[in-house]
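The following note sets out numbered points for a colleague reading the model. Please consult the sequence and the structure alongside each point.

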Amino acid sequence: MVGGSSNVAQIAGESGYELWRTWFHVWPLLFLGSSISWLTAVAATVWPPYPPRGWLSTATRLVAVLVGAVTCFVLTAYIPDA
């Protein structure tokens, strides 16, 4: 719950309807963007665009893959529901 609202329209109530409506409209863009970001991070980890200069470069790519996966999971868990 963010701002006293919910991802379910009936639970959001009168005061949270605008937040739910905003979440409903923005969710597809966020989900598509995070999925593309995650796939890009995976591709950059598997096929680096330049030779890695050390362990920090590889670690940064692995963290980007992890963050992208967690973001996709959270967006999937809190899909707008009517």
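1. Of the 82 residues in the chain, 21% are buried, where buried means under 20% relative accessible area, exposed means over 50%, and partly exposed lies in between (1.4 Å probe, protein chains only). The model is a predicted one: local features need pLDDT of at least 70 and side-chain atom pairs count only at pLDDT 80 or more, while totals for chains, interfaces and linings use all residues. Residues are numbered from 1 along each chain as its sequence is written, and side-chain values use heavy atoms, with hydrogens and water left out.

2. The chain contains two helices and zero strands; both kinds of element are DSSP runs numbered from the N terminus, helices being H or I with at least four residues and strands E with at least two. Accessible areas come from the Shrake-Rupley method with a 1.4 Å probe, and for residues only the protein chains shown count as cover.

3. Among the contacts in the chain with a separation of 6 or more, 56% are between residues 24 or more positions apart; a contact means heavy atoms within 4.5 Å. Several of the pairs described below illustrate the topic of sequence separation.

4. Helix 2 covers residues 55–77. Its 23 residues should span 33 Å at 1.5 Å a residue, and the C-alpha atoms at its ends are 33 Å apart, which agrees. The expected span is 1.5 Å times one less than the number of residues. The buried residues of helix 2 are Ser57, Arg61, Val65, Gly68, Cys72 and Leu75.

5. Leaving aside residues up to four places away in sequence, Arg61 touches Ala44, Thr45, Pro48, Pro49, Tyr50 and Pro52.

6. Which residues does Leu75 touch, not counting residues up to four places away in sequence? They are Trp23, Trp27, Leu30, Phe31 and Ser34. Leu75 is found in helix 2 and is buried because its relative accessible area is 8%. Leu75 also lies 9.4 Å from Pro28, C-alpha to C-alpha, although the two are 47 residues apart in sequence.

7. Leu30 and Ser34 are two of the partners of Leu75. Leu30 lies in helix 1 and, with a relative accessible area of 39%, is partly exposed. Leu30 touches Trp23 and Leu75, not counting residues up to four places away in sequence.

8. Ser34 likewise lies in helix 1, and its relative accessibility of 10% is why Ser34 counts as buried. With residues up to four places away in sequence not counted, Ser34 touches Thr71, Cys72 and Leu75. Ser34 and Val67, 33 residues apart in sequence, are 9.6 Å apart in space, C-alpha to C-alpha.

9. A search of the whole structure finds one aromatic pair. The ring centres of Trp27 and Phe31 are 5.0 Å apart and the planes meet at 10°, so the pair is stacked. Rings of Phe, Tyr and Trp (its six-membered ring) pair if their centres lie within 6.5 Å; planes under 30 degrees apart count as stacked, over 60 as edge-to-face and the rest as tilted. Trp27 and Phe31 both lie in helix 1 (residues 9–46), four residues apart, which is about one turn of the helix. Trp27 counts as buried at 14% relative accessibility, whereas Phe31, at 27%, counts as partly exposed.

10. Trp20 is another residue of helix 1 and counts as buried at 9% relative accessibility. Its C-alpha atom is separated by 9.5 Å from that of Ala82, 62 residues apart along the chain.

11. The surface carries a nonpolar patch formed by Leu66, Val70, Phe73, Val74 and Tyr78, with about 530 Å² of accessible area together. Patches are made of residues with over 30% relative accessible area and no salt bridge; like charges are joined within 9 Å and nonpolar side chains (Val, Leu, Ile, Met, Phe, Trp, Tyr) within 5 Å. A salt bridge is a side-chain nitrogen of Lys or Arg within 4 Å of a carboxyl oxygen of Asp or Glu. Phe73, which lies in helix 2, counts as exposed at 60% relative accessibility.
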